[in-house]
Amino acid sequence: MQDLDLKILRLLVAVCDHRSIKQAAAQEHIEPSAISKRIAQLEHQLGAPLLVRGRRGVEPTPAGLALLEHARTLLFTLARIESDVAAFAGGIRGQVRLVASASAIAESLLDDVAAFMREPAHRDIKVDIEERFSRDLVRMVREGSASLGVCWDSIGFEGLQHRPYRRDELAVAVHPDHPLARRRTLRFEQTLDFEHVGLPPATAVHTMLHRAAARAGRTLSYRVVVSNFDAALRVVAANLGISVIPRQVGLASARMGMVKVIPLQETWARRRFAICYREAESLQPAAAKMVEFLVKKGEAEEAGA
């Protein structure tokens, strides 16, 4: 495998996609016999058959499927490398890899990124957005596997630069028939008498709520643990528990009468997001433009508040 040829990986992917050596050859502008010969050489090199040939074409063997998965990943990574390097060729172009917490994605981040991409000057910029836990996204930015990260500013940004983005406020979502539904505001301690719908332990909001409960000398009781805020709202709408969520996330469900959203009184319930990156000077032009755009969105929000 030391001298594995990228060309043969592309040919293998094409053959598996078409289930036909002939059609793959037409796509790749090569003779079918040349593909067959190169795949046979690869099979000999690996010591395992990769394709099964039949009347209706070809099918990958178990070994072929394993190699196919790695080949797709490798070719995708190479395409991203090429796109990233192109960003330094001049002009505002390239690809921005952005990682963000569930809270940031659930609120305004996707709308803000879409507004950024709609601007004519940014039409050549591509964006990848991945949801990650806050501690993981900070590590990814620090290691260089992502250009930008967006999460709460309470996370440790050691070794990274960061700038303020938007603010948000935590609230409690309850079913309209729940005993707490008539309250205008709530203290977090008042919610601890009821079963919660929570997020996984690795999330920042999980840690924050457990610390708050511990300060009150209480514990959180979970009826359901879900992967995101949308799922939490569905469970609340089914009257199976209450949930602490970003207020903005719950407003759409509240307008439809599915839940009531009640602000929390605690100061820790008012948070701020930040955009982090390694060094401003080393950011690709596309990523640098996005940082400035997002920061201005946050400033405009505060000015209008």
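Okay, quick definition before we start: when I say axes, I mean lines fitted to C-alpha atoms, for helices over the stretch in contact, with angles taken between N-to-C directions. And keep in mind that this is a predicted model.

So, helix α1, residues 6-18, and helix α2, residues 21-28. Their axes come within 8 Å and cross at roughly 130°. Angles from 65 to 115 degrees would count as roughly perpendicular and those over 145 as roughly antiparallel, so α1 ends up oblique to α2. The crossing of α1 past α2 is right-handed. Who's touching whom? From α1 you've got Lys7, Leu11, Ala14, Val15 and His18, and from α2 there's Ile21, Gln23, Ala24, Gln27 and Glu28. By type, that contact has five nonpolar, three polar and two charged residues.

Now α1 against helix α3, residues 32-46. Here the angle is about 110° and the axes are 10 Å apart, so these two are roughly perpendicular. This time the crossing is left-handed. On the α1 side it's Lys7, Ile8, Leu11 and Val15, and on the α3 side Ile35, Arg38, Ile39 and Leu42. That contact splits into six nonpolar, no polar and two charged.

On to the cores. The largest nonpolar core has 62 residues, and the ones touching the most other members are Leu109, Leu148, Val150, Phe188, Leu264, Trp268 and Met290. Helix α12, residues 285-304, gives the largest share, seven residues. There's also a second, separate core of 21 residues, with Leu11, Ala25, Ile39 and Leu68 among them.

Last one, Phe188: leaving out residues up to four places away in sequence, its contacts include His196, Leu209, Val244, Leu264 and Trp268.

Terms used: Residues numbered from 1 in each chain as written. Predicted model: local features only at pLDDT ≥ 70, side-chain atom pairs only at ≥ 80, totals over all residues. Heavy atoms only, no water. Core = buried A, V, L, I, M, F, W, Y, C linked by side-chain atoms within 4.5 Å. Buried < 20%, exposed > 50% of the residue type's maximum accessible area, 1.4 Å probe, protein only. Helix = DSSP H or I, 4+ residues; strand = E, 2+ residues; numbered from the N terminus. Contact = heavy atoms within 4.5 Å. Axes fitted to C-alpha atoms, helices over the stretch in contact; angles between N-to-C directions. Parallel < 35°, antiparallel > 145°, perpendicular 65-115°, else oblique. Left-handed = near helix turned anticlockwise from the far one by under 90°. Nonpolar A, V, L, I, M, F, W, Y, C, P; charged D, E, K, R; others polar.
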